[in-house]
Every structure is written in C-alpha cells, then in structure tokens.
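Subject: Structure handover

Hello,

Here is the structure I promised to pass on. My notes on it follow below.

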Amino acid sequence: MITSIRSTVRLGSPLQLEALRESIVQKNDPSKCVIVICAGTGCLAAGAADVIRAFKEELKSKNLEDRVDVKETGCPGFCERGPLVVLRPRNIFYQQVTPQDIPEIIAESVIQDKIIDRLLFCDPRDNRTIIHEEEVPFYEKQTRIILGNNEEVDPTSIEDYIAIGGYSSLAKVLFEMTPQEVIDEIKRSKLRGRGGGGFPTGVKWDTCRNAHGSTKYIICNADEGDPGAFMDRAILEGNPHSVLEGMIIGAYAVGSNEGYFYVRNEYPLAVENARIAVERAEELGLLGDDILGSDFSFHVKINRGGGAFVCGESTSLMASLEGKVGEPRAKYIHTVERGLWDCPSTLNNVETWANVPIILKNGADWYCDIGTEESKGTKIFSLVGKINNTGLVEVPMGTRLEDIIFNIGGGIPNGKMFKAVQTGGPSGGCIPSSMLHLPVDFDELGKVGSMMGSGGMIVMDEDTCMVDVAKYFVNFLEGESCGKCVPCREGLKRMGQILAAITEGRGRETDIITLERLSVVLKEGALCALGQTAANPVMSTLQYFRDEYEVHIKEKRCPAGVCRALIRYEIITDKCVGCGLCVKACPSEAIVSMGKKEPVVMDESKCIKCGACFDVCRMDAVDKE
Amino acid sequence: MLTLTIDGKEIGAHEGMTVLEAARSVGIQIPTLCHHEALTSYGACRLCSVEVTQRGRTKLVVSCLFPVAQGLEVQTNSARVRNLRSGILELLLARCPGSEELQSLATTLGIKQGEFGFAQDSGKCILCGLCVRACQEIAEKSVLSFAGRGIDRRVATPFYKPSDDCITCRACAFICPTRAIRFEGGKLMLPD
C-alpha cells in the first residue's frame, strides 16, 4: 500500500467508501518492495527511530525512493527481538536491526535477493534460522485476528486501514442493520469485556440502549496501568482506526452521539495516533455529523488520564472525565444507567472495541468458533518477566498456559526452572507449575484464585521469592489506592507492614492468619475492584507457596535468596585463591585481603549483602545462604 | 410502597430509600461512622456493610447507599457481616488507638482491641469525610477537601493554608466523630 495517497473527499455513502478502497488497492503494486518497520514504543525504545532514518537516507542516496517504500507500523508483538524489519513482498524477517545493518540490507536483500543470515531469527531450541516472518515459531502458534493487522497499516494512514477493509463493518451496520440487530449480533458472539471484568459486551450495550435518558456516552478505557501490560497501548498506537470503528458501531447500537477516549498520559504515541485517527475519520465523513451520508452522528473527544492507576476503574475514570478527583463510587446503580454526568454510559476497553468491527465483518458464528464455551475469540497477553520471548501474544481463549509460556514464549531464560506465572496484573494471583495445563479463559483463571484481568502475564523463575513478589504488588497497590475506603487504605498499609516484617526476619507465627483475615476484609469490604482484588497476590501465594512464608517466619531464611535481610555471604576458604576480585568489588570494605594466594577474610558486621562478591568470584568461593 | 425483609422482619419502605434508612425507620441499629442523615451518603467507612440476597445471589453491600427493592432480604448481623465490621474497626483502631468513639463502638460490637496485633499509630482523623461534606453541603463553602492519595490522604484546606472562605461556622468540628478537627481561638485546626 502506498501511504502517500491522502484522500480528503468526504465520503457520502458506502459505495463511495468502497470506491475509495478500490482506488487505493489498485494503485498499490503488489510486487513493489516495502520495508516494514515496527515503530511501536517497544521497538522505538530499542532504537527503531534511528533504523527508520537510516533506511530513508540510504534509499535516498541510492536513488531508490521511487522503487522502495518504507512503512512505519504499530507493534507486531515480538518486542524481545526489536527493532523488527520485514521486507515485503518476500516477507523476509530481520530482527534486532541496527542502523549499521541498513546499507547491507539495501544492497543484499533489496537490490539483490540475498538473505543476510546474521539478521535472521534463530530458534534457540534447535538453532534453526528462519527466513520468513510467518514461520517464526513465536508468530506461527498465535491466532492474530487483532494484532495481525498492526503490521498491515501505518497507524497514521486512514487509507491503509480502508485498504484492508476498514470501516466496511461500520458501513454495513449503518445501512443494513438496526441498532438492535447489532446488539443481537454482539450478544451472539458472546464477546466479553477485555478490561478485566469479562462482562458480556452485548448485555452491557442492551442495558445502555434501554436506559432512560436522551444523552448517552461511549467511552474507550485506554488507561492501561498494570505493571508489565501493554496490549492496549499496542492496539491504540498501531491500529487506532479499528478501536474508533468499534466505538462508532457501539454508539450506533446504544444510541449515543458523543464519546471519549480516556488515554493514559504516559502513552504519548497512543494519544497522538488516536488524535490523528479522529481527525482523519472526521475529514472523510466517517466520524462527526451524518456519517457516510446516514442520519447518524457521533463525535469523539480525547482525554488524557491524570496518572492514577485507579482511574482505570470505570467510576473513577468517569469522575476524572468530569474533571473531579478520580475516585470510585458504589456501582449499585450501574454506569450503563447512570454513568458519566449521570447519563447512561457504555465503557469498554481498547481491545474490546477493536474486536467489534471484526465480529461484524466476519459474523458471530465465525467468532464463536474461536475460544471456549463461555469465553469466545482471542485474547492478547503481554508476556513479560523471566521469559525468552518477551512481547505480545494473541491466542484463542482456552489456550493452555504451558503453550503460551513454553511454545510461544520460548520458555525460561538461562535454563532456569519455571516457578509461577502471575496473570491479571497487580491484583492477579500467582499460578504454580502444577497448574500449567490450565486453559486460559475468564472462568478457569478465576477458579484457581487468579484472574484474566486485562491480560498481563508475568513469568517468574526459580530465583523468585514469592513473599517478595506479594510484597511488591501490595506496595504497588498501597501506593495506588485512592484512600477513600477503610479496607483498601488501611488494610493494604497493614499488609505491607506485615510482609515487610516477614521478609526482614521479623515475621511472627500469627502473621499468616492475620494476612488471611485481612485478605477477607479487603475482598468483602473494599469499595472498588482495586481493593476487592488487591489481596489476590497474597492469597494465591499463601495458597500455593505457603511453605515459603513459613520458612521466612520460622527459620528466618529466604529459600530463593532474594530477601536481603535473610541472606548470609561466606567465603569458602578451601576454594578461595586470594585473587582479590571480591576485595575490589566490595563497596563496604567488608572483605580484607590476607596476602597473595591466601584466602580473603570477610567481616560480616560490615557486609551490606549486595552480592557483589558473589557475582565477581570466578572460583565459586563465595557461599550464599 | 414496597416490602423487604431485614433480619427476618418484614418492613415497608419507599422507593429511593436506602437499606440503612429502612432499617433505622423500624429501630434496627446498624453502626456507621461516615454517615449523617443531613449529608449525602459516601460509603467510605464500610462499617454499615450488610448482607443482601437478591435474585438468589448473596453479597455484602454498604447499607448507607444500597437502595431498597421489593423482596430484598437483608442480614445486618450475620457472621460474615460481623467479621468484616470487626476487621474494619480493628484497622481504624490501629490508626487512632486513642479514639473514644472507636473504643465505645468496639465495646458495643463486642470487639477486642489489638487482636490483629497491628503496630499502633497515633492519629485522630479516620478520614470519614463528614467535615468535607458538611463544609460543602451545609456551609456551602468547600473550604475543606481531601488531599493526597492512599495512606497519605488528609483533610485539608487549599495548600494547607488558612482559608479566607472559612466562615467559622464550626459545622466541621461539630460533626467530627473523633474530634480530630477543632477550633482554637476561632481558628480552624486541621487534623494532624
């Protein structure tokens, strides 16, 4: 596709949209070489901006600008290997590309058709190099109905989106379906909210449509804040029109003429790409008054979040949109009846909205073929932590944890053992290796004390201390609690104190019972989902890794060797050759040299347990226990 | 007029009433800290939590906000409710161990202080927000509001400075259940 085509003619009917699509596709020469570069935040952080610049300069200097296109796309998901470059039409996949590689790529793989082996992906399991993108195991085993489009479009080009059939679902909905038929189709697809709750989207829309009030609002929740989760960022950055199209369809279904994007301010690229998408869709008459010549109008504004994690909770988000402090309120009257400015409001997450046009394009039956009985479609997970292939993974609901972690994720680095995976963000539970066969869907994860959440997946290896993990998440949530209700504000503070005491060797035998009782107070008493689920990391680690808590409390020992106050370092005199590396590395002068070839001596009272000696010793003469 | 059951007793109530109002109208006591009949319900202390059963599903809700409904069954003193209340009070007592109001509530509810073994702080303010709402809704001045997040939350005037908008009506001090907010020599003294 040629991104330089810029259409500004307002589309007055579905026929004109189709005519525009055909003209874009016709102008596209399928045999022309296109260099596709991921310009998502992950690859940009890995240096993609320099790679893009280098490609453009090299093409200019070789007078190849007319023969070769450069396309900057959103994130295809394989962040571990960024910056990523794909050479179309041959689909040659180069990874970890640097600006120095560019002249060679142009000379060898663009002008000629040679492959540069060095830049290919090499499967660490069998050392096989892979040439084509679609054959990379990381991609091969996924079902990328949402993320797959990220590579097809330049997110700033509405023409790219239209070329792949974008806005055709909207045209179909506006001219061939009644709002009720749209709702029924979404209900039949069994689409459930991807933000974490898993509430049936069609039911939500139906309630909102039937709620009293002439003004109704559509909201896209893009306040993704879970540590290690970035699927919504990738969608909004990479394919903002798909989200926008979903919102316009939702607006038509519930009878709304006004909507908001609530985007995390820490996602500047997502804010920018959403802004461009709104602007371009308005120019082409796909958004605004009388969309595509119909009598339906819908306007969208973009609101940047204020930096509070709790604003991802629907009532807090709406308070924040109203200009108030982002704090939750009781939802005894649902937001679909009284939400933003007390008007009926439909709030869905980015990924949920992105699913909508795809469902209407392919039909609910097609969608229902993907996934499990009660959880349909795919889910994008952000696979992070101790995993070989860090990135975004899209799989059908019901895919087993072990398939995600080992087959797609490539397993644990450095030959370490898998210990646990935390799903669902900071309020999710830690699932042990005995449950790796678990199919991942909304209901199964709930049964084992975790949750789907928005799709975060943090993998932990044998070097992880589970008490320390629980402490980390409790501290995170303590800092993000708004402080309105007593269980969350005071309960998390006390949990944090108890967990700190346990990891510092001051744990008491009654602490486990107190943690369990506090967990119940939070779960049953807290005002919003943040507090109600905040105890999950504690409860699940107590359930599956209770022995670790007990060892910390009773034996004052940290089996994983993480909790600094409980570690001891010792010099094994038999092994020490007196090289003095540790003496130089020790920042607190706790190790003294006793002369050449004589074992060093450690003064434990000076040791700050930083582990520098352990790391530098080549003789394994430092013992850590 | 609709009917609901509270602790096995059938009660008539009007649409729009809360469970707390319905219970109190027939003399059933539910403990509260952040609620006052003259002010908007806030639902922050969670002490008035009760167990409700609706369409076969049972859950804990705060009675100061939960609306009555035909056929609703309410338990104001089940084991689950008592457990939650004692946990909440224990947390508040650890924050404000010297508070007479909290201590007498604990005695009434039969809660032994210190069961959780928390470290004891020395605060006075329980952040119920009655003062904030009284200033907003009764005095209509909004001199007081909450500042800070989570455990750092405080009742504050703008920038913690004396406010010219304060008409020294003392509604905030009057309504404060723990006497954390006071007037000294006609000057508003914020909780520590």
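Helix 14 of chain A (residues 350–362) is largely enclosed by the rest of the structure, because eleven of its 13 residues are buried. A residue is buried if 20 or more other C-beta atoms lie within 10 Å of its own, exposed if 12 or fewer, and partly exposed in between, with C-beta atoms placed from the backbone. Helices (H or I, at least four residues) and strands (E, at least two) are DSSP runs, numbered from the N terminus. The buried residues of helix 14 of chain A include A:Glu351, A:Trp353, A:Asn355 and A:Pro357. Just after this helix, A:Gly363 has a positive phi of about 95°.

Before you go further, two notes on the source. This is a predicted model: local features need pLDDT of at least 70, side-chain atom pairs count only at pLDDT 80 or more, and totals for chains, interfaces and linings use all residues. Residues are numbered from 1 along each chain as its sequence is written, while chains are lettered from A and ligands numbered from 1 in the order in which they are written.

A:Gly195

A:Gly195 sits in the loop between helix 8 (179–189) and helix 9 (201–210) of chain A. A:Gly195 counts as buried because it has 25 C-beta neighbours inside 10 Å. Leaving out residues up to four places away in sequence, A:Gly195 touches A:Asn221, A:Asn349, A:Thr352 and A:Ser454. Two residues are in contact if their C-beta atoms, placed from the backbone, lie within 7 Å. A:Glu504 is 309 residues from A:Gly195 along the chain, and their C-alpha atoms are separated by 36 Å.

Nonpolar cores

A nonpolar core is a set of buried Ala, Val, Leu, Ile, Met, Phe, Trp, Tyr and Cys residues joined through C-beta atoms within 7 Å. The largest one has 234 residues, and A:Ile37, A:Ile248 and B:Cys131 touch the most other members. Helix 11 of chain A (residues 240–254) gives the most to this core: nine residues. Not counting residues up to four places away in sequence, B:Cys131 touches B:Leu144, B:Val155, B:Cys172, B:Ile175, B:Cys176 and B:Ile181. Another core lies apart from the largest one. That core has twelve residues, among them A:Tyr569, A:Cys586, A:Val600 and A:Ala612.

Where the chains meet

The contact takes 25 residues from chain A and 28 residues from chain B. On the chain A side, helix 18 (466–480), helix 19 (486–503) and helix 20 (511–525) each give two or more residues. Helix 19 of chain A has the largest share, eight residues. By class, the chain A side has nine nonpolar, eight polar and eight charged residues. Here Ala, Val, Leu, Ile, Met, Phe, Trp, Tyr, Cys and Pro count as nonpolar, Asp, Glu, Lys and Arg as charged, and the others, Gly among them, as polar.

Helix 20 of chain A packs on helix 2 of chain B (residues 79–95) at about 105°, with axes 9 Å apart. Axes are lines fitted to C-alpha atoms, for helices over the stretch in contact, and angles run from 0 to 180 degrees between N-to-C directions. The two helices are therefore roughly perpendicular. Angles under 35 degrees count as roughly parallel, over 145 as roughly antiparallel, 65 to 115 as roughly perpendicular and the rest as oblique. A:Arg517, A:Val520, A:Val521, A:Glu524 and A:Gly525 meet B:Asn83, B:Leu84, B:Gly87 and B:Ile88.

Within chain A, the axes of helix 18 and helix 19 come within 9 Å and cross at roughly 150°. These two helices are therefore roughly antiparallel.

Backbone details

Two peptide bonds to proline deserve a look. A:Gly82 and A:Pro83 are joined by a cis bond, with omega about -5°. The bond from A:Arg88 to A:Pro89 is cis too, with omega near 0°. A:Pro89 is in the loop between strand 3 and strand 4 (92–94) of chain A.

A:Asn414, which is not a glycine, has a positive phi near 60°. A:Asn414 counts as exposed, with 8 C-beta neighbours inside 10 Å. B:Phe159 also has a positive phi, about 55°. B:Phe159 is exposed, with 7 other C-beta atoms within 10 Å.

Best wishes
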